[in-house]
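Hi,

Here is the model I promised to pass on.

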Amino acid sequence: MAWFKRKEKGITTPTEDKMDVPKGLWYKSPTGKIVDSDELERNLWVSPEDEFHVRIGSAEYFKILFDNNEFTELDPNITSKDPLNFSDTKKYSDRLVDAMSKTKLKDAVRTAVGKSKGKDLVVCCMDFAFIGGSMGAVVGEKIARGIDYSIKNNIPFVMISKSGGARMMEAAYSLMQLAKTSAKLAQLAEAKIPYISLCTDPTTGGTTASYAMLGDINIAEPGALIGFAGPRVVKDTTGKDLPEGFQTSEFVLEHGFLDFITPRKELKDKINLYLDLILNQDVR
């Protein structure tokens, strides 16, 4: 009997013996390229075929920037309150609990200090997974404290932005963070401590209107969405078709709002190169 002929109809393999593909084993980029998840991680979460930069969080950026992924997190346990007792489709307090449970994060930003290419560096990184990386009182406070740590210890400061804008559930409290963080960055400048701002996908709203565009050097990842209002809102408001590539890193660079576009593979080397040049020290 030929090997492909069955004696019994139907699938007879026991469930426990089935070789199911684990969830998340493959990643499909927006251009349709398929890549193995392990290969994607080895390539710093950049699709090797089309160079698409997959959206990642603070844990991944810390791994990229800090030597041997060794760092000390600053103010890790600060959490948001609900002073306005805000409620839309659900209570803000419940939304916070859900976000913390799903992401295992305390809020939309983490700050850490460690060695990068052998020298101390403070990195403040936003997490889009936590309520769209929205900027509330805790985000502003942690950035401010990170800047204070940089000033006190004379350590360069790096801000990695990834945000949908101010957190509406905190209303004016969230908008106050624009002025608060900008004032702290002015203090950092007065202390002559370098500040590198990295814009990733997306960097929008109040984040763009404050600390994301105030770096001594402003850089971005390729293809990131950078702007104040999103393209759809701009188009609906103006009633006009938008230019090709509107609000991408490349468009923003061409119009003078960025200094460089830096692929993720070059991120650690380039940030430290910029710092060495600013500080007039030997290039590492």
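Helices (H or I, at least four residues) and strands (E, at least two) are DSSP runs, numbered from the N terminus. With that in hand, β6, α5 and β7 make a right-handed β-α-β unit, and so do β5, α4 and β6.

Some housekeeping: this is a predicted model, where local features need pLDDT of at least 70 and side-chain atom pairs count only at pLDDT 80 or more, while totals for chains, interfaces and linings use all residues. Residues are numbered from 1 along each chain as its sequence is written, and side-chain values use heavy atoms, with hydrogens and water left out.

Back to strand β6 (residues 157-163). Seven of its seven residues are buried (under 20% relative accessible area; exposed is over 50%, partly exposed in between, with a 1.4 Å probe and protein chains only). F157, M159, S161 and S163 point one way from the strand, and V158, I160 and K162 point the other way.

What does β6 pair with? Strands pair if DSSP finds at least two bridges between them. Strand β5 (residues 119-126) runs parallel to β6 and is joined to it by four bridges; there, C125 has I160 as its bridge partner. Strand β7 (residues 195-203) is also parallel to β6, with six bridges, and S163 stands opposite T203.

Now the charges. The whole structure has 20 salt bridges (a side-chain nitrogen of Lys or Arg within 4 Å of a carboxyl oxygen of Asp or Glu).

- K180 and E141 come together at 2.5 Å, N to O. K180 sits in helix α5 (residues 172-190) and E141 in helix α4 (residues 137-153), so this pair ties together parts 39 residues apart in sequence. Shared partners join D75, E141, R145 and K180 into one salt-bridge network. K180 is partly exposed at 31%, and E141 is partly exposed at 23%.
- E41 and K63 have their closest N and O atoms 3.1 Å apart. This pair links helix α1 (residues 37-42) with helix α2 (residues 58-65), 22 residues apart. E41 is partly exposed at 35%, as is K63 at 42%.
- D120 and K115 also have their closest N and O atoms 3.1 Å apart. D120 is partly exposed at 37%, and K115 is partly exposed at 40%.

Cheers

Methods:
Right-handed = clockwise from strand over helix to strand, strands pointing away.
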